[in-house]
Amino acid sequence: MAQSTDKTRSGGPSPLSRWMQLKMNARAIRRFRRTGRQFMGMDLLILHTVGKSSGTPRQSPLAWFADGDDSWLIVASGGGKRNPDWYANMVAHPEGTSVELHGGDPVPVTPHTLDGEARAEAWKRITADQPRYGKYQKKSERQYPVVRLTRR
């Protein structure tokens, strides 16, 4: 059996899916930098991380939710089955995490994965703002990590 099939069966993305996601992300980033606008009714930011194994800079367009003046909330939904690569990168190299808002320069942030009451309160605000996240969560067997990014 081919290795890509094994990855697909274990919940990981196939090489084709990974390639398509990279192309879609690159297009979303170009559009974001050009317009600095929303996507599908959600505010976007570009999350800058460092590759967990490669050490290579990575960029991921993500929806964000307000959490005060100097922090933002993001959700590691990753299509439901597994945490997205950006989450693993951020956990491995939190010091290399920054956000780009409205096409400006990246702002260094400190990521913190929420749990307990803090997560429950943040999740309530997120799903009130974007009910689609609640629907996505109901289809998944794992609880999506909610991350607070705080300006350093």
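Buried means under 20% relative accessible area, exposed means over 50%, and partly exposed lies in between (1.4 Å probe, protein chains only). The exercises below use a predicted model, in which local features need pLDDT of at least 70, side-chain atom pairs count only at pLDDT 80 or more, and totals for chains, interfaces and linings use all residues. Residues are numbered from 1 along each chain as its sequence is written, and side-chain values use heavy atoms, with hydrogens and water left out.

**Exercise 1.** Classify K23 by its accessible area and place K23 in the fold.

Solution. Step one: the relative accessible area of K23 is 47%, so K23 is partly exposed. Step two: K23 belongs to helix α2 (residues 15-35). Helices (H or I, at least four residues) and strands (E, at least two) are DSSP runs, numbered from the N terminus.

**Exercise 2.** List the elements of the protein in order.

Solution. Step one: the protein has five helices and seven strands. Step two: starting at the N terminus, the order is α-α-β-β-β-β-α-β-β-α-α-β. As for burial, 38% of the 152 residues are buried.

**Exercise 3.** Where is A76 found, and is A76 buried or exposed?

Solution. Step one: A76 sits in the loop between β4 (71-75) and α3 (85-92). Step two: A76 has a relative accessible area of 0%, so A76 is buried. Step three: from C-alpha to C-alpha, A76 and P145 are 5.3 Å apart in space, while 69 residues apart in sequence.

**Exercise 4.** How many aromatic pairs are there, and how are the rings of W86 and Y87 arranged?

Solution. Step one, the rule: rings of Phe, Tyr and Trp (its six-membered ring) pair if their centres lie within 6.5 Å; planes under 30 degrees apart count as stacked, over 60 as edge-to-face and the rest as tilted. Step two: this rule gives four aromatic pairs. Step three: the ring centres of W86 and Y87 are 6.1 Å apart and the planes stand at 80°, so the pair is edge-to-face. W86 and Y87 are both buried.

**Exercise 5.** Describe the pair of W123 and Y144 and the parts of the chain it links.

Solution. Step one: with centres 6.4 Å apart and planes at 70°, the rings of W123 and Y144 are edge-to-face. Step two: the pair links distant parts of the chain, 21 residues apart, with W123 in helix α4 (residues 116-129) and Y144 in the loop between α5 (132-138) and β7 (146-151). Step three: W123 and Y144 are both buried.
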